[in-house]
Amino acid sequence: MTSLCWSGEALVDPVGGGVRYHLDGTCFDPHVNFAYRFDRAVVSPDGRYSVLYESLGTTGLLLEGTRVMRQLQRDFYQANVFDYPVALHTFPSGRTLLAHCPDSYCVLELEDVATGERLTKRTNDAVDFFHSRLQFSPDGRYLSSAGWIWHPVDAVSVFDVSRALEDPTSLEKGNLLADTEEGGLFFMSAAFGARDTLVFVRVDESARDGDTFHLGTYSLAERKVLSDVPLEEPAGPLMVVDAAHVVDFFKHPKLVERATGRVVQRWEDLDTGLALGSIRHHVPAPPPFAMDPANRRFAVGTKDGIEVITLAAP
C-alpha cells in the first residue's frame, strides 16, 4: 500500500494501481502499474478522478478511474522541500475542478478537469507565497493553501472559489492568516469546520518558555479569530470532528478538545508521521492515512493492513 484515500464507503490506493479496499475486508485489484515514484494521491469527492503525485517532486498524473488523462507538473523551485500543491472538488452539477500550481510555486490555478481548460488566466504579478496542502471546503466555496512565505514562515491563505472564477486576480490576494510583523506567529496547518470556519494550528515562537502550539478557529465570513487556546503538545495535520473536537495526526492520531486544547484520547499504536507544516524534507515520509470528517472516521495504513477508526457521535 502506497497511498490511501476515502472513496465513498471504501478506501482506495490510487498510487498502488487503484486497489479498492472495502470495509467488509474484501478488495478489488485492477492490476495497474504506473511505473513511477508517485507516493501520494487525492481523489475527487465523486470518486471519478484522482491525481497521483510525487509529494517532494515535480510530477503528477491526472486519472479518470485508472485511465491516464494528462500529466501534471509543478515548479522545480524548492519542490524537494515542501508538499506538492493539488486538490480536487466535484460540484453538484458534476463539474470537477483541479487546483494546482502548474507554472510557478506562487501562482495558483483552477482548471476544469474534464476539458483541461484553465479557468483563472491572468498576467499580473503573483504574491510570493509557496502554495502547499491545498484543500477545498466541503461545499467547494473556499480553497485553502497551507504553505509558507520566505524565509521560511508557515502561513495559511484562503480563497473564495466563485470569486476566483469571476476575477482570477483575487487568487493573488486571498485572506492570509499570518502575522509576519509581530515575528513569531506561524500558521502550521488548517482544516475547514462548520459554517464557514477554518480550524488552525499556529506556533508562537515568542513565548518565554519555548515554542507553544495553539489551536484556533477563524471565521471566514467575519474575518476574525473566534477562539485560540494553547495545546498540550505539538500538532500537525488536522481533521475537524465536530464543534467540540479535532483529530491531530502528528506522530499518532489524537482526539483534542477544541475548547481547552487537551488530548482526550490517543491511538499510540498507529503511526501517522512527524510532519507539522508543509516543509517536511527533513523528516521521514509519513505512512499513508486518510481522513473522512463527514463520517467522523479516519484510516491508517499499517504493516498488517488498514486500521479504520470511527468516532462515536456526540
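Which strand does L98 lie in? Select residues 96-100: this is strand β10, and L98 lies in it. Strands here are DSSP runs of E with at least two residues, numbered from the N terminus. The model is predicted, so local features need pLDDT of at least 70 and side-chain atom pairs count only at pLDDT 80 or more, while totals for chains, interfaces and linings use all residues. Residues are numbered from 1 along each chain as its sequence is written, and side-chain values use heavy atoms, with hydrogens and water left out.

**Stop 1: L98**

Stay on L98. Its relative accessible area is 0%, so L98 is buried; buried means under 20% relative accessible area, exposed over 50%, and partly exposed in between, with a 1.4 Å probe and protein chains only. Now show the residues in contact with L98, where contact means heavy atoms within 4.5 Å. Leaving aside neighbours within four places in sequence, these include V51, L72, V86, L110 and V113.

**Stop 2: aromatic pairs**

Rings of Phe, Tyr and Trp (its six-membered ring) pair if their centres lie within 6.5 Å; planes under 30 degrees apart count as stacked, over 60 as edge-to-face and the rest as tilted. The count by this rule is 15 aromatic pairs. Select Y53 and Y84: they make a tilted pair, 5.2 Å centre to centre with 40 degrees between the planes. Y53 is in strand β6 (residues 49-53) and Y84 is in the loop between β8 (67-73) and β9 (86-90), 31 residues apart. Y53 is buried at 7% relative accessible area, and Y84 is buried at 3%.

Next select W267 and F298, an edge-to-face pair with 5.5 Å between centres and 85 degrees between planes. W267 lies in the loop between β23 (263-266) and β24 (289-292) and F298 in strand β25 (residues 297-302), so the pair ties together parts 31 residues apart in sequence. W267 is buried at 11% relative accessible area, and F298 is buried at 0%.

**Stop 3: a ring cluster**

Which residues do ring pairs link into a cluster? Select Y77, F82, Y105, F130, W148 and W150.

**Stop 4: the lining of the largest cavity**

Finish with L231, E232, E233, P234, A235, D248, K254, V256, G261 and V263, which line the largest cavity. On a 1 Å grid over the protein atoms alone, a cavity is a set of points where a 1.4 Å probe fits but cannot get out, and lining residues have an atom within 4 Å of a point.

How values were computed: On a 1 Å grid over the protein atoms alone, a cavity is a set of points where a 1.4 Å probe fits but cannot get out, and a pocket is an open set with protein on both sides within 12 Å along at least five of seven lines; lining residues have an atom within 4 Å of a point. Helices (H or I, at least four residues) and strands (E, at least two) are DSSP runs, numbered from the N terminus.
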